[in-house]
Amino acid sequence: MAKNYDHLFKVILIGDAAVGKTCILCRFAHDEFKPTHLSTIGIDFKMRTFTVDGSRIRIQMWDTAGQERYETITTQYYRRAQGIMLVYDITRRKTFENIQKWIHYVEEHAGNEVKTVMVGNKCDIEESKREVSYREGEKLSQKYGIPFLETSAFSNVNIEKAFTEMCQLILRNVNAGVETQNDRKPSEAAIILNANQPSGAEEPSSCCLFR
């Protein structure tokens, strides 16, 4: 069967637990928002095909667990990624401070040509609950030379834009002749560790309880 896309891109979302990575993926992949989710165990993924700058992109989006006990597992997936989205929660300063830790992991484990976008999630929350200003996020992104957006999975703010910008960055590599992973068959890496979720891990995650 002929494929119905021009490029296959693998994008990984990383960041602390409960910053809304799963909610962002659900909004982008299925245009839905669920107030609670089970905590991601290891790695999970979703797919969507959409058009970016005239090219049909099949995007394979990997959702990583933010808990420290899974970091050894999730960092193994960085090298095969063409794009990495760094996500923090604007209502929890610690998740923003940890972005530099996640950037270090990208520098250590990802390929040289990987493209990175930083996202401050839950921007729909009332201003009194904000702990990280837009300017702080922008300043950190400028320090590392990466694009930055604030998003809300709850209100569907900038979700499409974040993935579009990510794919545009990767497309520039493709158009410049930089080797990518777009010929890799999805089944080669489609290991869904959630299928092995241990008993006792059924509690709802707070990742989307507050957007």
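This report covers a helix pair, one further helix and the nonpolar cores of a predicted model.

## Basis

Local features need pLDDT of at least 70 and side-chain atom pairs pLDDT 80 or more, while totals for chains, interfaces and linings use all residues. Residues are numbered from 1 along each chain as its sequence is written, and side-chain values use heavy atoms, without hydrogens and water.

## Helices α1 and α6

Helix α1 (residues 21–30) packs on helix α6 (residues 159–175) at about 85°, with the axes 9 Å apart. Axes are lines fitted to C-alpha atoms over the stretch in contact, and angles run from 0 to 180 degrees between N-to-C directions. The two helices are therefore roughly perpendicular (65 to 115 degrees).

On the α1 side, Ile24, Leu25, Arg27 and Phe28 meet Ile159, Glu160 and Phe163 of α6 (contact: heavy atoms within 4.5 Å).

## Nonpolar cores

A nonpolar core is a set of buried Ala, Val, Leu, Ile, Met, Phe, Trp, Tyr and Cys residues joined through side-chain atoms within 4.5 Å; buried means under 20% relative accessible area with a 1.4 Å probe, protein chains only. In the largest core, of 29 residues, Leu13, Ile24, Phe50, Ile57, Ile59, Met85 and Phe163 touch the most other members. Helix α6 gives the most to this core, with 9 residues.

A second, separate core has 24 residues, including Phe45, Tyr88, Trp102 and Met118.

## Helix α5

Gly137, Leu140 and Ser141 are buried in α5 (residues 134–144). Just after α5, Gly145 has a positive phi of about 70°.

Terms used. Helix = DSSP H or I, 4+ residues; strand = E, 2+ residues; numbered from the N terminus. Parallel < 35°, antiparallel > 145°, perpendicular 65-115°, else oblique. Buried < 20%, exposed > 50% of the residue type's maximum accessible area, 1.4 Å probe, protein only.
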